[in-house]
Amino acid sequence: MIDLIYFYLHIKISVPLHPPPNLRIGFINGTSANIHWDSLKPVDQGGFVTNYKIMYHPLSSPDSHRIIDYSNNQSSISYTLTNLDGYTNYSCSISACTSR
């Protein structure tokens with residue numbers, strides 16, 4: 001006689017508790033900058049991270065923000081921002097996204 005036991009695993013998907021940590025600049029040249037960050041700990045993800053949103057803009061023009069939707073789930077992530085204006089200071093932030 002075979003007894004079958006069934007169970008269901010219900011995972012509640014929510015949003016990440018905070019942005020990915022340790023955002024830093026790797027290299028800068030005249031029109032590009034490479035940024036790096038660390039992935040969130042699983043307990044802080046609020047589900048499965050599906051992508052990252054990178055938001056940046058020149059400090060002198062906060063209304064001209066650019067948003068990059070970037071998908072990559074390595075433990076340490078990097079992305080190169082391109083077509084930057086030379087001799088211009090930028091603000092940059094990143095958020096992790098789940099399917100919710």
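His65 is found in the loop between strand S3 (51-58) and strand S4 (66-70). This is a predicted model. The chain holds 1 helix and 6 strands.

**His65 and its surroundings**
- His65 is partly exposed, because its relative accessible area is 47%, and partly exposed covers the range between the 20% limit for buried and the 50% limit for exposed.
- Leaving aside neighbours within four places in sequence, His65 is in contact with Tyr56 and His57.
- The C-alpha atoms of His65 and Tyr90 are separated by 9.8 Å. Along the chain, these two residues are 25 residues apart.

**The chain as a whole**
- From the N terminus on, the elements run β-β-α-β-β-β-β.
- The chain has 100 residues, and 28% of them count as buried.
- Take the contacts between residues at least 6 apart in sequence: 65% of these join residues at least 24 apart.

**The largest pocket**
- About 330 Å³ of space lies in the largest pocket.
- The lining of the largest pocket consists of 21 residues. Nearest the centre of the pocket lie Ile25, Ile28, Ala33, Leu84 and Tyr90.
- Which strands each supply at least two residues of the lining? They are strand S1 (24-28), strand S2 (33-38) and strand S6 (90-97).
- By type, the lining residues divide into 11 nonpolar, 8 polar and 2 charged.

**Two positive phi angles in one loop**
- Asn83 is placed in the loop between strand S5 (76-81) and S6. Tyr87 also has its place in the loop between S5 and S6.
- Phi of Asn83 is near 55°, a positive value in a residue other than glycine.
- Phi of Tyr87 is likewise near 55°, again positive in a residue other than glycine.
- Are these residues buried or exposed? Asn83 counts as exposed, because its relative accessible area of 61% is over the 50% cut-off.
- Tyr87 counts as exposed too, because its relative accessibility is 92%.

- Thr98 lies in the segment after S6.
- Why does Thr98 count as buried? Its relative accessible area is 8%, and buried means under 20%.
- The side chain of Thr98 reaches the backbone oxygen of Ser14 at 2.6 Å.
- Ser14 is also one of the contacts of Thr98 once neighbours within four places in sequence are left aside. Ile13, Val15 and Pro16 are among these contacts as well.
- Further along the chain, the contacts of Thr98 include Gln45, Gly46, Gly47, Phe48, Val49 and Thr50.

**Cysteines and disulfides**
- A disulfide is a covalent bond between the sulfur atoms of two cysteines.
- Cys92 is partly exposed, because its relative accessible area is 27%.
- Cys97 is buried, because its relative accessible area of 16% is under the 20% cut-off.

Methods. Residues numbered from 1 in each chain as written. Predicted model: local features only at pLDDT ≥ 70, side-chain atom pairs only at ≥ 80, totals over all residues. Heavy atoms only, no water. Buried < 20%, exposed > 50% of the residue type's maximum accessible area, 1.4 Å probe, protein only. 1 Å grid on protein atoms, 1.4 Å probe; cavity = no way out; pocket = protein on both sides within 12 Å on 5 of 7 lines; lining within 4 Å. Points joined across faces, edges and corners; volume = space filled by probe spheres on them. Helix = DSSP H or I, 4+ residues; strand = E, 2+ residues; numbered from the N terminus. Nonpolar A, V, L, I, M, F, W, Y, C, P; charged D, E, K, R; others polar. Polar contact = N/O pair within 3.5 Å; in protein donor to acceptor, adjacent residues only side chain to side chain. Contact = heavy atoms within 4.5 Å.
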